[in-house]
Amino acid sequence: MPSEPTAETLLDVRDITVSFDGFKAITNLSLQVPRGSLRVLIGPNGAGKSTLLDTIIGKVRPERGEVRFGGQVISRLPEHRIAGLGICRKFQAPGVLEGLTVRENLLLTARRNKGVLGILKAPSAAEHARADELLRLTGLTARADIPAGSLAHGEKQWLEIGMVVAADPELLLLDEPTAGMTAQETAQTAALIHTLAGRHTVLVIDHDMHFVELLKAPITVLHQGQVFREGNLETLRADPEVMEIYLGRPKEAV
Amino acid sequence: MLKLENVTAAYGQSPVLFGIDLEVRDAEAVTLIGRNGVGKTTLLRAITGLHPLTGGAVRLNGAQVEREAAFTRARQGLAYVPQGRGLFGHLTVEENLRMGLPALSGRAAATRAVPDLVYDLFPICRDMGSRKAGNLSGGQQQQVAIGRALVTQPRYLLLDEPTEGIQPSIVQEIEAALTRIRTELRVAVLLVEQYLDFAWSFADRYYVMQKGRVVETGQTADTPTHAVQRYLGV
Amino acid sequence: MTPGVQSGPVPGAGRARVPAVVLATGAVLVALAFAPLYLGAYPLALLGRVLALSIAAIGVSVVWGRTGILSLGQGLFFGLGGYALAMHLKLTATPKGELPDFMVYNGVEKLPWFWAPFASAPFALAMVLVLPAAAAGLVAWLMFRRRITGVYVSIITQALLLAFVTWLNGSQGLTSGTNGITDYQRFLGIDLRGPNVAHGLYWLTLLVVAAALGGTAWLLRTPFGQVLTAIRDNENRTRFLGFNPAAFKIAAFMLGGLLAGVSGALYTVHLGTISPAMIGVAFSIELVVWVALGGRASLVGAAGGLVLGQLAKDRISSAAPDAWLYVMGALFVLVVLVMPQGVAGVIARRRAPAPSVPASSPVTREVSDAV
Amino acid sequence: QSTVKVGVLHSLTGTMAISEITVANAAQLAIDEINAKGGVMGKKIEVVKEDGASDWPTFATKAEKLLTQDKVATVFGGWTSASRKSMLPVFEKNGGLLFYPVQFEGNECSPNIIYTGAQPNQQALPALEWALGKGYKKIFLLGSDYVYPRTANLILKKHITDMKATLSGEEYVALGGTEFSSVINKIKAAKPDVIINTLNGDSNVSFFKQYQAAGYSAKTLPVISFSIAEQEAQAIGTQLLDGQYATWNYFQSLPNAANKKFVAAYQAKYGKNAAITDPMAHAYMDVYLWKAAVEKAKSFDPMAVRKAIVGVSMDSPLGKITVDANGSLTQAVYTGVSGAGGQFKVVAQSKGVVAPQPYDKLAFPGKTCP
Amino acid sequence: MDLTFLSGQLFTGLSVASILLLAALGLALSFGLMRVINMAHGEFLMAGGYLTYLAAQWAGPNFLWLAFPLAFVGAGLLGAVMEFTVIRRLYGRPLDTLLATFGISLILQQAARQLFGSTGVPVTAPAWLSGALNVGDVTLPYVRLFVIALALIVLGAMWWLLNRSRFGMHVRAVNQNREMAAALGVNTRALDLLVFALGAGIAGVAGVGLALIAPVNPTVGAAYIVNAFLVVVVGGVGSVLGGAVAAVLLGFITALAEGLTSVSLAQAILLVVVVAFLQWKPRGLFPTQSRALEDA
Ligand SMILES: Nc1ncnc2c1ncn2[C@@H]1O[C@H](COP(=O)(O)OP(=O)(O)OP(=O)(O)O)[C@@H](O)[C@H]1O
Ligand SMILES: Nc1ncnc2c1ncn2[C@@H]1O[C@H](COP(=O)(O)OP(=O)(O)OP(=O)(O)O)[C@@H](O)[C@H]1O
Ligand SMILES: NC(N)=O
Ligand SMILES: [Mg+2]
Ligand SMILES: [Mg+2]
């Protein structure tokens, strides 16, 4: 049974079940994330992590249970409305707007009013300044005016992180943000996430334990569509069952 | 032996590879590292025949293949596991594996079946055999993609960031599997990887790319990973 | 910005070139404005007609080139605009107290209810705008609400158009069927056969073309245009960024429908008739092909492609009627093969060689959760 | 030697090309004959040929081109009523003259058009009378869904009631329609004595194939067609049509001397098996009528020609024809039965010639040409 | 409406369904799998019709034995040429294939017009097909039964080929990820050529069936093309069985609408019903769906 959420609970996943053609990807899963916190989600491939994010953003609909955001039930809302409430996700496979330039990607994401009429206004100087800052942050300044479609894989990753930040959502969902990044970039990403936490609520999925270590945040382990363990990296590394299903031999998990 | 001589390639008008020389000897494991966007993926695609060269030569066992179509190169023992896995989403896992069989055409010795070794190495290929590949999670797909490449009984295996998005225990398994593939099947492996610990523990030699050029090469055993880190910084 | 090349194959390169294209377009429009001075009666009438059609082409460029929705049913909206005006003209041409001639021959005894208000010119003119836009909005709402995309949209719009044409053909008492509505002379008290009307109509048409180009170009320059491009390239991603693709697509589709309707109304006046044959499947496909010829992503390209295509059609079909279909068929094939971005794309590439956006980027498209 | 330009405007491509190309050929034949004999008032006729492309608005634009750019003295062209309707305003606006060679529904009387094809009282009504005379009392009307069949049938229905016969059913199929299962099933349920068929073009092929497959033949249920002539008979397959009827102002088999000459000349030019039809004969004669009127008016001016043509009369492959004041022909009507080689044998004909009535008195009382 | 009429209309539904299916089956390959919107598909039907006519000229009244192979091979070759010269440059650009193939269809129609004349050519069913089976008061023409059987045979063959054969698996793989299939040793170019030609060949065979009940002329293909696409879309693009169910459904709706209202109105009703249906099931009766291809 889900525990009663406290007042600061921003994201409240209540007892959801998600299935695909009879296959249960998530079974009776509950999860609360307090406002302003940073939470890490790990678990074996196929555990249902991405599916959980899919459910939060409305890409898939739970068969049972509901998702609440700031107290409001969102699991029946259309996707753009959910996004409009302040939830933005970075996908596992980078999804940038390929026909627009890198800068346009950032400017568009940063818009507050995303309605058909609201969008007609040209971006303000402040918005341009913000885009420039994000270009610097993601190392894409030199690439600002080429179409995002001709970026390399890793550059798209960075752009997408930039977009998520630009959207300035209350809740950031990052699905494997460091996939394909070098160790140094991974560290930069961790630092970036720390600057975001506090003002934003962040939920990160990753398989890179170095990165997870750097995040220094509470961890939830999913397994077969359910919460398997909660804890910090120390305790989880000591847990033989977690090693068995996920981490593997201790040597690798250093 | 797989050998590249002065390979150049471009996207439209803009060149991305500038005279790459590189070789992978039989049964050797070589890793290719470099920052995002330096052209690693492009290079692998050029070797497989999925991206046209603008100059230079690709040799398989001495024979020049850079004019040949991708499918004939595959039939000569070149297998490719792309970044993003490239599974056939609407086909079942089982069918995806069987899609490795056409590469065996014209090779007399080859048996036309999915080798048991694949199921040994990646049990998921059996367990999820009848699921649509497109519905698997990222890590599951990666395993199927490597398994499928093995079905082609390759002599050269090109892997583009195979650990990306894979859970730690399976990274270990993939490493073990690749090592077995190398030693038992004597397959030469060219591995593009960002995860240096993995690359170094697996490969014999390394190449470092920067802005479309190979800038350094050496034995992994002689070079500590931190010595090449500077090429990967932002 | 250029109504055109900006988001074509070489985005980003657009900004620097803006003045050139605007200047060139302006120069062409000015040259066209003086056409009555140097063109004979028939060439001028022909030019006026194809300029009227080019307004529909601008709409196709917005809907297809920008938003990625290939409608094969633009004839529906073109027809609604045309019929709205033709109904008014027919009523004007009918003596008081009588029914339009075709109704009499079909045994209709009372003016159908939906005909009556068209006796008023302001109402009819309003309907020229409202009917096509509303119909386009409805069709778009039905489709995009249910996330129907790609070729489904093409086939559904074609089916709807065909249903409309079939209904027009089959309802002769109400619509004059295959014959269409014809034989009218006066509009707002002006005799359409009068000596100076031809020039006036031509200038009016040119004015509307210029307004349509300018207005649409402005609209696409705003971030609205970028959202359309984003939807074209990756609709789901756009959705998860907080945009409602359906709303934007409906808006774009309505704009396309509105322009088609205006085009249809003008064309009806130029030709003196509107009939189901004018708005059918072949018309709608041809419209799209001329847009492709000029450059689907470029407003000027689309309009220019239509004008040049239609002029060529007129010339070649007169010179060699038997060969005409071969020429046109071959043109369709060649445009698609050799100039996938149309003439505007070729010009743009000449001016600024730049890396092309891959039609489908091999690395990312097939990935597990391609959003 | 100077020339005079005339326009020939037919569908050379598209669905209607099946019927119109040969009509254009027939006009061309007459023009060639006239040119060979020195032309009209000493001028050779120069043909400007345009393709209406089975597309009504194209007819209008091409007509406009012929009149305003080529400045032709007259135009020979059109087949469907829709194409004529869309050309009409162009001719009226530019003061041109059009010769229209095909049977039609009447209800039109433009001073700028010479209608030489049959008016309803020169084809549809005589056919109905003939059928009733043969004792067929229950009549099924089948047509393509456009203005000619619908209006012709509207008129026929008034007369069916008037003559105390029974309308057993009425069905329309979209132009070009190919599926007749339901229609045949409805016919079967209605049990008529005869079918009056105003299907146009390709649909006839489907209809007769499926009609025969369903076990019908001329013996079990005869069909009288208004748009099937020798050429269509060939395309349908002559055994499918065996024994079925058609009503026209002309059949290729008419025995008069002018026709023998016309058939021989046409087949010499366009192939010895070429079929020759009523609209072709009309188109051929249209050129001669125009020539006669020009010579009578001593002018190529269209309006002068229009005035002069009234009363022009000649012996023709169709028999004797005379242009009425309303711009249509006084001509004879024949009903034929289809036989070997797609030829029709005349089984009935009007007593003498029939004067044209553009407005049917029963269906449209009080309407007349201005 | 009496019982005889009703059973007659039921049979009409089946007849219409068989024709829709025949016209649509080739599209299941070119459109369903290869995503080529082949507007010239109707001209393959047309080619089948003309080849039937030629077969009848050469082989006399019992021409069907020659007509089928001739139409299959002839239309298939036409398809192969078209794939080789045009289509192969357009994979992955479905909307562009629509335009290019529309151009090709114009060319083929005009070519037929100049080769065979615009009037069309006569084809009459062989004598042994000319009778009808009488069940009670209902007449079932042999030609119709023959066409229904033909549709079922072609349907069965295609279903087996695509879903049970290795060839079919390769075809499906290639059309999901052409590059990877090539990298795995599939000669994708040859396969594309073969599949497209096969689709054309099937259309040719369908053309034989159509020639028995419809006209053979330059524009006959155009008469079937829209409905053929509707069948594929309603069935679910990529699903052969879906196409079959859709054809039957549309056939019965047509028969019902034609029975209750008029034949001319029925087509408009059918189109509106189809659009309404797609509101309910936007991806057709049997959608092919998976996580991977939601955007495809
Ligand atoms: N659309 C879908 N249709 C069918 N099955 C699906 C679908 N989406 C996910 N699944 C299944 O649900 C399970 C959970 O998948 P999910 O992608 O959420 O895993 P994950 O935890 O994100 O794994 P990874 O770490 O590899 O990304 C998997 O077994 C997957 O095959
Ligand atoms: N489809 C494309 N069109 C144009 N340019 C491209 C395309 N794909 C890649 N590029 C460019 O080519 C260069 C090399 O890209 P490539 O994908 O080979 O890099 P990579 O080394 O594999 O990077 P990563 O580590 O991010 O995967 C990059 O600068 C990229 O912007
Ligand atoms: N006038 C005719 N036959 O349409
Ligand atoms: Mg995942
Ligand atoms: Mg890469």
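Student: In which strand of chain D does D:Glu50 lie?

Tutor: D:Glu50 lies in strand 2 of chain D, residues 44–51; strands are DSSP runs of E with at least two residues, helices runs of H or I with at least four, both numbered from the N terminus. This is a predicted model, in which local features need pLDDT of at least 70 and side-chain atom pairs count only at pLDDT 80 or more, while totals for chains, interfaces and linings use all residues. Residues are numbered from 1 along each chain as its sequence is written, chains are lettered from A and ligands numbered from 1 in the order in which they are written, and side-chain values use heavy atoms, with hydrogens and water left out.

Student: Why does D:Glu50 count as buried?

Tutor: Buried means under 20% relative accessible area, exposed over 50%, and partly exposed in between, with a 1.4 Å probe and protein chains only. D:Glu50 has 1% relative accessibility and therefore counts as buried. Contact means heavy atoms within 4.5 Å, and the residues that D:Glu50 touches, not counting those up to four places away in sequence, include C:Ser317, C:Ser318 and D:Lys65.

Student: What joins the side chains of D:Glu50 and D:Lys65?

Tutor: They are joined by a polar contact of 2.6 Å. The term requires a pair of N or O atoms within 3.5 Å; within protein, one must be able to donate a hydrogen and the other to accept it, and residues adjacent in sequence count only if both atoms are side-chain atoms.

Student: What makes the meeting of C:Arg296 and E:Asp96 a salt bridge?

Tutor: A salt bridge is a side-chain nitrogen of Lys or Arg within 4 Å of a carboxyl oxygen of Asp or Glu. The side chains of C:Arg296 and E:Asp96 meet at 2.7 Å, N to O. The count between chain E and chain C is one salt bridge. Helix 4 (94–116), helix 9 (220–235) and helix 11 (263–280) of chain E each supply at least two residues of the side that touches chain C, and helix 4 gives the most, with 15 residues.

Student: Which protein atoms are donors of the magnesium ion, ligand 5?

Tutor: Donors are N, O and S atoms within 2.8 Å of the metal (3.2 Å for Na, K and Ca); water is not among the atoms, so sites may look incomplete. B:Thr41 (OG1) and B:Gln83 (OE1) lie 1.9 to 2.3 Å from the ion. B:Thr41 belongs to helix 1 (residues 40–48) of chain B and B:Gln83 to the loop between strand 6 (78–81) and helix 3 (93–98), so the pair ties together parts 42 residues apart in sequence. B:Thr41 is buried, at 16% relative accessible area, and B:Gln83 is buried, at 6%.
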